[in-house]
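Have the sequence and the 3D view open as you read.

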Amino acid sequence: MKINKEPTAFQERVYAALRRIPRGRVITYARLARTLACRSPRAVGQALRCNPFAPSVPCHRVISSNLTPGGYQGKTSGAQLRRKLALLKAEGVLFTGNRLADPRQLLGK
DNA sequence: CACCGATGTCCAA
DNA sequence: TTGGACATCGGTG
């Protein structure tokens, strides 16, 4: 695992979609997967997991459809996840406990 | 070819 | 409402 040599076509697609996300806005794995014409949010998460361009790629702007932060750097919780919340917070996206404070900031609406 | 992985959705208790 | 299992797509071994 952990191959950050050259991103595949699919990963490029995921990174491109993330780049089109404006600051102060977030998207869910399912929504992003849908944008990629995919039905598996896991495939999208896997691409972000490798994220050879982190943090150049705003992978921290991707959250779970259930309004949960999801994960960061391959971890669903811990200091890494905390950093993700801090990045979103710096963009104006606040999290209440373990849930998104304002789901209205979600893209795809 | 087989198993794992930042999820999602459905069913059962 | 909470917990568990299955489904789906791609990547890596």
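Which helix gives the most to the surface near DNA strand B? Helix α3, residues 41–50, does, with seven residues. Helices here are DSSP runs of H or I with at least four residues, strands are runs of E with at least two, and both are numbered from the N terminus. Before going further, please keep in mind that this is a predicted model, in which local features need pLDDT of at least 70, side-chain atom pairs count only at pLDDT 80 or more, and totals for chains, interfaces and linings use all residues. Residues are numbered from 1 along each chain as its sequence is written, chains are lettered from A and ligands numbered from 1 in the order in which they are written, and side-chain values use heavy atoms, with hydrogens and water left out.

A residue is near a strand if one of its heavy atoms lies within 4 Å of it. There are 15 residues around DNA strand B, and those that come nearest are R42, L48, S64, S65 and Q73. Of the atoms of DNA strand B that come within 4 Å of the protein, sugar and phosphate account for 46%. Sorted by class, this surface has six nonpolar, seven polar and two charged residues. In that sorting, Ala, Val, Leu, Ile, Met, Phe, Trp, Tyr, Cys and Pro count as nonpolar, Asp, Glu, Lys and Arg as charged, and the others, Gly among them, as polar.

An N or O atom in the side chain of R42 is 2.3 Å from a base oxygen of DNA strand B. G71 takes part through its backbone, where a polar atom is 3.4 Å from a base nitrogen.

How is α3 itself arranged? Its residues V44, A47 and L48 are buried; buried means under 20% relative accessible area, exposed over 50%, and partly exposed in between (1.4 Å probe, protein chains only). Seen down the axis of α3, these buried residues fall within an arc of 95 degrees, so they line one face of the helix. That arc is taken from the directions from the helix axis to the C-beta atoms. The face turned away from the buried side carries R42 and Q46, both exposed. V44 has a relative accessible area of 2%, and its C-alpha is 7.4 Å from that of L32, a residue 12 positions apart from V44 in sequence.

Helix α1, residues 9–19, can be read in a similar way. Its buried residues are Q11, V14, Y15, A17 and L18. They cover an arc of only 160 degrees around the axis, which puts them on the same side of α1. The exposed residues A9 and R19 are carried on the face turned away from that buried side.

Next comes the second largest pocket, which holds about 380 Å³ of space. On a 1 Å grid over the protein atoms alone, a pocket is an open set of points where a 1.4 Å probe fits, with protein on both sides within 12 Å along at least five of seven lines, and lining residues have an atom within 4 Å of a point. Of the 18 residues that line this pocket, Y29, G45, Q46, G70 and G71 are the closest to its centre. The elements that give two or more residues to the lining are α2 (29–35) and α3. The largest share, six residues, comes from α3. By class, the lining has six nonpolar, nine polar and three charged residues.

Two backbone details are worth a look on the way out. A37, in the loop between α2 and α3, has a positive phi near 65 degrees although it is a residue other than glycine. A37 counts as exposed, at 72% relative accessibility. L67, in the loop between β2 (62–63) and α4 (79–91), also has a positive phi, about 65 degrees, and is not a glycine. L67 is partly exposed, with a relative accessible area of 22%.

Note on methods
A polar contact is a pair of N or O atoms within 3.5 Å; within protein, one must be able to donate a hydrogen and the other to accept it, and residues adjacent in sequence count only if both atoms are side-chain atoms. Grid points are joined across faces, edges and corners, and a volume is the space filled by probe spheres set on the points.
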